[in-house]
Every structure is written in C-alpha cells, then in structure tokens.
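Student: I would like a close look at one part of this structure, the contact between its chains. Please describe what each side contributes and which pairs hold across the boundary.

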Amino acid sequence: MLDTPVTNEPGVTRAYTVHARGLWHRLLVRHEAVVLVVLVVVWMYANAGIAGFGRPITLTFLLLDVAPILLMVLPMTLVIISGEIDLSVASVFGLASVVLGVMVKAGVPIALAVLTAGLVGVVAGLVNGFLVTVLGLPSLAVTIGTLALFRGLAVGLLGTKAVTEFPPGWTSSAQSTIGDSAVPVIVVPIAVLAIAIGVLLHLTPFGRGVYAVGLSDEAAIFSGVLVKRTKLVVFALSGLCAALAGVFYTLRFGNAIGSNGVGLELGVIAAVVLGGTSIFGGRGSVAGSVLGALLIAVLASALRLAKVPANAIDIITGAILVLSIAVTMAIPFFAQRFTRERRAG
Amino acid sequence: MAEAVAPIPVLSVRNVAKSFGAAIALRKGCLDSYGGSIHALVGENGAGKSTLVKVIAGVHHRDGGEFLLSGRPVDFRNTAEAKAAGVAVIYQEPTLFPDLSVTENIFMGRQPVLGLGRIDRRRMRSEAADLLERLGVRLNPDRVARGLSIADQQVIEIAKAISLDAKVLVMDEPTAALSGVEVDRLFTITRALRDEGRAIIFISHRFEEIYSLCDTLTVMRDGEYVSAHAIGDVTVDEVVRRMVGRSVTDLFPKEAAPVGDVRLRVEGLTSSGKFHDINFVVRSGEIVCLAGLVGSGRTEIVRAVFGVDGYDRGTVTVDGHTLPMKNPAAAIAAGIALVPEDRRKQGLVMDFSVRSNMSLAVRDRLSVLGILPALKETRLAMSWAHRLQVKTSSLDSPVATLSGGNQQKVVLGKWLATEPRVLIIDEPTRGIDVGTKSEVHRLMSELAGHGVAILMISSELPEVIGMADRVLVMKEGHMTAELSRADANPETVMYAATHSVEKSA
C-alpha cells in the first residue's frame with residue numbers, strides 16, 4: 001500500500017461523472033415537473049369542460065387573485081427551506097394595508113405611504129428574525145405570537161373603520177391589464193421578483209447557505225455560514241413581500257381595513273408545500289412554489305365556475321395538498337428501498 | 001473481600017467479537033466478573049471497552065464468542081432482555097425523564113399497579129424512599145429529576161438497577177463528571193453493593209480510583225483482551241504499558257519538514273469550566289498534537305479557536321492577525337480550516353451532494369458577480385475528489401451514501417479547497433478503516449511539507465506518537481505537559497494525561 005501515492009496530481013477534471021442521472025431524467029423526475037403537468041391538465045380540462053373558464057376576464061381575475069399569494073410564497077419558500085416558518089405573513093399584510101390607509105387618509109403622499117408600509121413589513125420581519133435568531137426561540141411559536149400581535153396592531157390603528165379613499169390612478173393601475181391582453185400589469189413585477197428570488201436561492205452563495213442551514217444548523221456553522229444573518233435576511237424578506245402584497249390588495253380593492261388578509265398564511269404555506277418544499281427544511285425550489293400557488297388558484301377558480309360549493313372546494317384543495325405531501329414523502333422511501341435491494345442483490 | 005468468591009463467574013464473556021461494516025470494534029473481548037467483587041476494565045479510547053459493555057448490555061448483538069451469565073449461555077437481542085436477566089449499566093451521563101419525579105424515574109416502565117391498571121403511587125413512593133435510604137443518600141423521592149446533579153442522577157440509575165435486583169452492574173466511566181465528594185459517595189455505595197454479593201464492572205481512566213476501589217482488573221487493547229490481574233499483583237506502570245504496548249514508531253511516519261514562522265498563536269485562552277489559560281503556537285510545517293483523555297478540554301479549545309464557541313479571556317492570532325471571537329467565517333477568511341470531531345453532524349451536510357459539500361466553505365470565493373457558477377463548482381469538486389481518491393459514483397451523490405472513510409476525505413477536500421494556512425483536525429481517523437487511516441496520515445505529512453501548520457487532536461496514542469512534532473497534553477482543562485517528539489512516548493503522554501498537576505513549561 002505504501003507504494004501507491006495517497007493523492008493524485010492536481011488539475012484533473014474528468015475523473016467522475018458529474019451527475020448520476022441524465023439531464024432529462026433530472027428535469028422530469030422531480031416534484032416540480034409533476035405539479036406542472038397536473039397544472040396543465042387541470043387547466044386544459046377546465047378550459048374545455050367548464051363554461052366561462054376560457055373567458056379572458058376569468059384569467060385576469062385569477063391572476064389578480066393569486067398575485068398577493070405569489071408575492072408571499074416567494075420568500076416563504078426561503079423561510080421554510082432554512083428550516084423555519086413564518087405564520088405572521090397575513091397579519092403583516094393586514095398591518096401594511098392599515099398603515100397605507102391611515103397615512104393616505106392623513107394626507108401623506110401615496111408614494112411615501114407605500115414606502116412606509118413596505119418598511120413596516122421589513123421591521124415586522126426583523127422582529128420575527130430577532131426573536132428566532134438572537135433569542136433562539138422556535139419560529140412556530142414566535143410567529144403564532146406575532147400573527148396575533150401584528151393583527152392586533154392593524155385593528156388597533158384603524159378600529160372597525162375602513163379607509164376607502166385612494167388616488168384613482170393608483171387603484172386603477174393595480175387592476176389594469178397589459179395593453180389589450182387579459183394579463184394584469186402586476187404580473188410583470190411579480191415575475192421579475194420571482195426570478196430575482198429564484199436566482200438568490202438557487203445561484204448565489206447566500207442561497208446555498210439557506211439550504212445548508214435548513215439541513216443542518218451545526219454543519220452550516222462549522223462551514224462558516226452566518227446562520228443568524230441568513231435567517232434574519234429571509235424573515236426580513238418575508239415581511240417585506242407580505243407588506244407589498246398587502247399594499248397591492250389594498251389598492252386593488254381600494255379598501256384598507258384591519259381584517260384584510262385574515263387566514264391567508266395557510267394558503268401561502270400550502271402552496272409552498274404543494275410545490276415540493278420540505279416542511280422540515282433543506283429542500284425545495286422557487287419554481288415549485290410558484291407552480292403550487294398557480295395550481296391551487298386555477299383549481300379553486302375552475303371549481304367555483306363549475307358551481308361547486310365553497311366548502312367542497314376547500315375539501316378538494318386540502319385533499320390534494322395531503323396527497324402531494326404523501327407522494328413526496330413516499331418517493332424517496334421507495335427509491336431507497338429500490339437501491340437497497342439492488343445493492344443487496 | 002467480605003465474602004468468599006463464588007467459583008463460577010456471574011458474568012463471563014469469551015472471545016466476543018463485534019464489527020460495524022468494515023470497522024472492527026471488538027476482536028476478542030474476554031471478561032470474567034465474580035459476585036462480591038469489583039472488576040476494573042481499562043484500555044485506551046478505542047480499545048473496545050464501550051463496545052464490550054454495549055454487547056453485555058444488549059445494545060449491540062455480538063458477531064461471535066461466548067456469553068455466559070452464572071454459567072448459562074445467554075443471547076440478548078435488546079436492552080430489555082439484558083435488564084430482565086439482571087444486567088444493568090450506569091452510564092457516564094444518565095438519561096432520565098427531566099419532568100418526572102425521582103420515584104417515577106426509578107419505576108419507569110414497571111410501576112406497581114392496583115386494580116384497573118391504576119398506578120399504586122403510595123407503594124411506589126415508599127419503595128423509592130426505601131431504596132434511597134438503603135443507598136444512604138438524602139434525596140427527596142418527590143422532586144423532579146430536572147436540575148439534579150449528574151451524581152444524583154447516577155444514584156437514581158443505581159436505585160433503578162437495585163430495584164430490578166441486578167446481579168451485574170456495569171459502570172461506564174461513572175466518575176468522569178463527578179467532584180471528589182461525589183466520587184467518595186459513589187464508592188461507598190459501590191462497596192455496599194459489592195458486599196451484597198453483586199458483580200460490579202467499573203470503567204475508569206483514573207488509576208487512583210481503580211486502585212482504591214477495585215479487586216481485579218482486565219486490560220484491553222485494540223479490541224482485544226490483553227490480560228487480567230488481581231489488583232495487588234500489578235503496578236500502574238505495568239498496566240499502562242500493557243494498555244499502550246506496541247511498537248508504533250514506524251506505523252505513522254511523519255516526514256521531517258522545514259519548520260517556519262509561527263502561524264497560529266493562542267495566548268491565555270480561558271473559558272470557565274472548559275479550559276484554563278491555554279498557551280501554544282503552531283509553526284508552518286509542524287504537526288502539533290493536543291493529547292489527553294476524552295473530556296479533557298481538547299475539542300473545546302479548537303472550537304473556541306475556530307470561533308464556533310466564545311471564550312472568556314485570551315487571544316487567537318493567525319499570521320499575526322487577531323481573530324474576532326465567535327466568528328467561524330472570519331477564521332476561515334484568516335486561513336484556518338477545522339475538520340471537526342463529528343463529521344456526520346459538523347463536517348458535512350449529509351443530504352448535500354459531494355460537490356455542494358466540497359464547495360460549501362469556499363462558495364463566496366468561487367463566486368463571480370455574486371453568482372456561484374456551477375462549472376467552477378464542479379471543477380473544484382472534481383479536482384479535490386480526484387486528488388484525494390474519493391470513491392463515489394458521481395459528484396451529485398449525497399455524501400450520506402458514501403462510506404465513513406470517503407466522507408472523511410470529502411471533509412478534508414472541503415477544507416483543503418480553502419487553501420488553509422492552519423489546518424485543525426479533530427480525531428482525523430476516528431471510525432476509519434486501517435487503509436484510509438494511513439492515507440490520511442500521509443496526507444497530513446504531505447501538507448506539513450507544503451508549509452501548512454497542523455494542529456491535531458487525537459485519542460489514539462500511536463497516532464499521537466507517530467505524527468506529532470510536539471505533543472501538548474491536557475488534563476481536566478489544563479495543559480499539563482508539552483513534550484517534544486523525542487520525549488513523547490506512550491508512557492509520558494499517558495502519565496501527563498492521567499496524573500495531576502505537574503507543569504513542564
């Protein structure tokens with residue numbers, strides 16, 4: 001043994017296969033691809049079989065409805081991959097809505113009010129992040145607390161009143177469509193943001209750190225990942241996007257009220273999980289979450305048009321969510337058994 | 001001894017073997033333990049003591065050999081069977097239910113019941129009180145276990161064992177975390193149990209304790225039984241020689257490398273309760289070894305140096321540049337790399353691919369305009385995997401699927417990719433097969449030859465003696481000796497690691 005060198009010469013670049021599976025295999029045998037196929041199938045079925053689904057106005061409303069969810073789904077993906085959860089997003093949404101309303105009512109220029117609402121979101125996110133990272137509290141408990149706290153602030157600021165006076169230019173542009181098409185303008189900034197957050201998660205050193213933190217805090221620390229800063233950033237991002245979603249929603253309906261967005265957090269988390277992100281952290285993608293949110297929205301819209309009662313819609317989307325988690329959990333299980341048998345045999 | 005020794009040992013294991021995959025933990029374990037007698041089991045870390053204990057306790061199932069209890073062959077498949085047969089183990093750190101009372105902990109899983117399956121609390125409590133009284137300890141049976149000292153927790157475990165009427169009591173380094181008074185109390189209890197006729201197996205690294213408490217002893221080395229003695233027949237020096245005795249000089253050759261400037265300097269490093277006033281330097285081209293028993297503070301020191309943990313006083317400098325506290329990223333930037341003790345939890349992200357693990361510590365350096373380019377990452381992983389001869393089917397295989405030795409190579413590659421000036425390796429060859437072991441040693445020697453300053457922690461004396469230019473010996477948080485390569489031999493290192501204060505500075 002002593003005659004063979006321990007190390008090879010440096011600089012060799014073709015000693016290993018880079019990927020165990022081929023390109024198509026990697027692209028197609030994955031959760032996101034399954035969600036995409038289901039989405040297309042549901043879309044085509046609804047288009048053909050449900051009266052009214054094919055109308056442009058349906059698409060416009062569908063996209064306007066899903067826009068705030070999409071906004072919140074993007075950073076939530078990062079939060080969940082980092083091994084945490086943010087249940088307070090809908091309350092930040094409501095708080096931002098009320099802050100916007102109160103400031104506009106007080107005569108503050110709307111641009112400044114929008115900016116302030118966004119800032120409030122960042123601060124709310126940092127509060128969550130501080131409690132989780134610096135004080136080391138579990139995010140599930142922290143954000144259940146801030147869910148109540150931020151909602152309480154929102155309702156407290158405005159009481160049961162509502163602010164409905166917004167500059168008409170802003171409210172109409174919130175629902176306007178691109179030229180003569182059925183696609184709302186808001187889709188453009190959301191697509192840009194989705195790409196930006198996708199790049200951040202999948203292509204930057206920071207994003208790699210998010211995955212590492214989610215899989216193993218300890219290994220991440222020993223590799224020089226700034227675990228606390230990473231989590232602080234994802235919580236701040238979550239707060240910011242939730243606030244922007246609240247601003248968009250408020251302008252679209254021209255209505256700021258303390259109860260805006262109540263209960264949205266569960267839909268957001270459902271979309272992320274449906275998109276293949278592991279609730280235990282460390283696994284998932286931005287594309288999956290976007291597809292998950294779109295699938296839930298298309299399904300709900302189609303079922304509504306098919307005159308399915310609202311509670312039945314909830315049952316169906318809930319069942320699909322549970323099924324998708326079961327399938328996600330089952331795939332690695334069977335894959336493992338398969339390889340083990342192969343190795344044994 | 002209080003009673004006549006029974007002719008048949010209560011517990012007798014003969015030629016017991018156990019391996020985990022390719023790693024052989026126990027080749028030939030032999031042990032006889034008689035009723036009314038305390039038997040010591042000694043050996044270096046990794047000699048196979050713990051594995052033998054786990055076989056006896058039913059945690060592991062032996063691969064071969066005989067196991068007799070009071071002369072009858074037994075075959076435990078789990079710990080419950082061992083307990084039922086009267087074998088109890090007291091571990092160094094007991095695991096109690098912190099929110100349950102002392103009484104409930106003693107009777108966990110076998111509470112006395114009344115009709116309808118209701119727990120007979122009154123009987124349980126009075127029995128617990130009796131047990132504690134018999135052991136002569138003042139402990140309120142109603143208080144919760146949380147907050148009890150380790151010594152008291154051990155007493156609860158012992159009470160549990162007695163209530164089960166254990167015939168064999170194995171104590172696995174019970175004194176490691178105890179103070180002097182607590183040790184005395186434990187010894188009083190242990191002697192009382194011996195006088196009741198139980199067989200006791202006692203594991204400790206402290207010879208003072210073994211000589212004051214035990215009647216007989218067995219020495220183990222490299223997973224094998226070496227010899228058994230009555231305690232009066234053998235001296236400490238003789239036992240140490242038997243524990244470490246083998247020619248090690250040519251097993252791990254560290255080639256001579258030119259020793260250059262000071263790379264790592266640690267001054268006055270103190271963290272209360274962990275280590276105290278630690279001073280040392282590591283120069284380029286040098287391999288310095290931190291030796292000492294497990295728990296002597298070695299790992300804690302390198303964690304503090306690397307910035308994973310904070311410290312109370314002192315400074316760490318690399319090439320004259322003082323490192324901030326608690327900042328591994330700064331330590332990495334300054335040129336330190338740490339191959340940690342627990343590679344599965346600390347060294348690697350087990351679900352990450354070989355490639356992602358290799359690039360994790362250099363991902364910022366690889367980036368172009370904030371983007372981590374896949375091509376550069378692949379090239380880096382390819383080059384290091386090839387240089388270290390990592391055996392993997394592809395670069396995107398999760399490291400969890402690799403063998404222990406190959407995982408360790410990935411950890412090494414990950415850190416060598418940072419081009420470290422100071423490489424800290426904690427237990428470089430733990431759990432690695434012999435072949436890879438010598439590869440790792442030769443790699444370390446090669447790195448030192450390239451001017452890297454290496455600080456190594458090792459519990460394996462042959463490795464320490466074979467690799468180190470200098471040996472720093474730790475005992476209970478203090479540095480007790482600094483030995484040059486010429487002065488370091490198993491006896492001097494073991495002596496400094498087990499005997500109290502004697503600074504050779």
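Tutor: The account below treats the interface and then turns to the aromatic pairs.

The model is predicted. The contact draws on 39 residues of chain A and 50 residues of chain B. Between them, chain A and chain B bury about 3800 Å², with 60% of that area on carbon and sulfur atoms. Two salt bridges are counted between chain A and chain B. In one of them, A:Arg208 pairs with B:Glu377, and the closest N and O atoms are 2.5 Å apart.

On the side of chain A that touches chain B, helix H8 (187–203), helix H9 (205–215) and helix H10 (217–222) of chain A each supply at least two residues. H9(A) gives the most to this side, with six residues. By class, this side of chain A has 21 nonpolar, twelve polar and six charged residues.

In chain B, B:Phe67 and B:Phe76 form an edge-to-face pair, 5.4 Å centre to centre with 80 degrees between the planes, and both B:Phe67 and B:Phe76 are buried. B:Phe306 and B:Trp415 are also paired edge-to-face, at 5.8 Å centre to centre and 90 degrees between the planes. Because B:Phe306 lies in helix H9 (residues 298–306) of chain B and B:Trp415 in helix H15 (residues 404–416) of chain B, this pair ties together parts that are 109 residues apart in sequence. Both B:Phe306 and B:Trp415 are buried. In chain A, ring pairs link A:Phe93, A:Tyr249 and A:Phe253 into a cluster.

Notes:
Residues are numbered from 1 along each chain as its sequence is written. Chains are lettered from A and ligands numbered from 1 in the order in which they are written. This is a predicted model: local features need pLDDT of at least 70, side-chain atom pairs count only at pLDDT 80 or more; totals for chains, interfaces and linings use all residues. Side-chain values use heavy atoms; hydrogens and water are left out. Contact means heavy atoms within 4.5 Å. Buried area is the accessible area (1.4 Å probe) that two parts lose on being put together, summed over both. A salt bridge is a side-chain nitrogen of Lys or Arg within 4 Å of a carboxyl oxygen of Asp or Glu. Helices (H or I, at least four residues) and strands (E, at least two) are DSSP runs, numbered from the N terminus. Ala, Val, Leu, Ile, Met, Phe, Trp, Tyr, Cys and Pro count as nonpolar, Asp, Glu, Lys and Arg as charged, and the others, Gly among them, as polar. Rings of Phe, Tyr and Trp (its six-membered ring) pair if their centres lie within 6.5 Å; planes under 30 degrees apart count as stacked, over 60 as edge-to-face and the rest as tilted. Buried means under 20% relative accessible area, exposed over 50%, partly exposed in between (1.4 Å probe, protein chains only).
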